Amino acid sequence: MAGGHRLLLENARQVVAVCARGERFLARDALHRLVVLEGASLVVGTDGFLKAIGPADAIRELFAEDTFEERIDCSGKCILPGLVDAHTHPVWAGERVHEFAMKLAGATYMEIHQAGGGINFTERTRQASEEELFRSLQQRLGCMMRAGSTLVECKSGYGLSLETELKMLRVIERARRELDIVSATYCGAHAVPKGKTAPEAADDIIHSHPKLQELGRNGEIRVDNIDVFCEKGVFDLEATRRILQSGKDAGLQINFHGDELHPMKAAELGAELGAQAVSHLEEVSDEGIDAMATARCAAILLPTTAYMLRLKQPRARKMLDEGVIVALGSDFNPNAYCFSMPMVMHLACVNMRMSMPEALAAATINAAYALGRSHTHGSLEIGKQGDLIIINSRWEHLIQFGGHHELIEYVIVKGKVVYKKQ
């Protein structure tokens, strides 16, 4: 019986489904067998979920009597899953571009941090109204969407007090309801506030978890993940363990910063605690890599950070060869000002020696897995959310250096066009 649907994408030169058998992530040899259909079409229902995908002739015959709110002829074009940015810090006010000049002159991350810069440079965020923070977040997420991202992990963390952290989380919640592309992370343990020790700061954060649970039960905010900056001079391994375990007990997924500037055994801790993901990992140990592979704990690698801070690159090849689930994120923040997951994929290929299929999987299905969302995002499969991008060339061109503005013609979230290139 004929019915109505939201969207029909017809006659695509390529449809890069990424997966086809309900895989929650891709690792090892599976990364070299991405599912790519030639001459295909797909249908998104009025509920925003994929209803059919397959050869164009078969889809045309199957839906011959159906109506669609929108039809797009994709002849000569490529359809891919919407990209997933697994690590961003997009809520803040003020500018820190002067710190980039300091880094170019030789200052290290921790030297700037200890001088009162970095995460400590938060006065403008504390002073800013929720409306001001929301408008800037809305603009930044819009830039990310135009670069192909349809799911973005958004962290708090520039508040360093419960009041300001909750303000940031309310802003993230407002963006989630308006744009439907957000995964929210509470990162209260981003730095130790002035006048407090790390154990005191950890106690404060642990005492905030019941408040987050209460706000969640009331439907005021939804927080998905708990994050800690586990680093020498910030939160040590024991403080990190306490905060993460308390967050997990409060129902949050563990997804935290680890082994970035110093080897901290954060990867081993993440595996032990059942973390969904650990980010950075420039200084991860061989034992940490083994532990993450065994625990199916995703590694969120951030090539922009290593590039901008002139750090050694994360050992992506070692992780991939050992079977770690490798994901990618932009680490968008006041200093790593990158909206573009295509650029992140490019840097991952050039600087971390990932292949193009590995990078695409890391920015789709594996990044969705790192956020606990690969059952709904990260590939084009029946029953998944209709989030996708349409580009005017073969998919590999998306990973070339720059140029995604000209390549991406449509960005679609739940079957609705949210960006169309003019």
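This is a predicted model: local features need pLDDT of at least 70, side-chain atom pairs count only at pLDDT 80 or more; totals for chains, interfaces and linings use all residues.
Let me begin with terms: two strands pair if DSSP finds at least two bridges between them, and helices (H or I, at least four residues) and strands (E, at least two) are DSSP runs, numbered from the N terminus. Residues are numbered from 1 along each chain as its sequence is written, and side-chain values use heavy atoms, with hydrogens and water left out.

Now the sheet: eight strands form an open sheet with parallel pairing, in the order 6-7-8-9-10-11-12-13. At its edges are strand 6 (83-85) and strand 13 (326-328), each of which pairs on one side only. Strand 12, residues 298-301, pairs with strand 13 in the parallel sense over three bridges, and I300 has A327 in strand 13 as its bridge partner.

Helix 13, residues 341-351, lies across strand 6, strand 7 and strand 13, and runs at about 80 degrees to strand 6; axes here are lines fitted to C-alpha atoms, for helices over the stretch in contact (heavy atoms within 4.5 Å), and angles run from 0 to 180 degrees between N-to-C directions.

Finally, E409, which is found in strand 15, residues 408-413. Is E409 buried or exposed? E409 counts as buried because its relative accessibility is 17%, where buried means under 20% relative accessible area, exposed over 50%, and partly exposed in between (1.4 Å probe, protein chains only).
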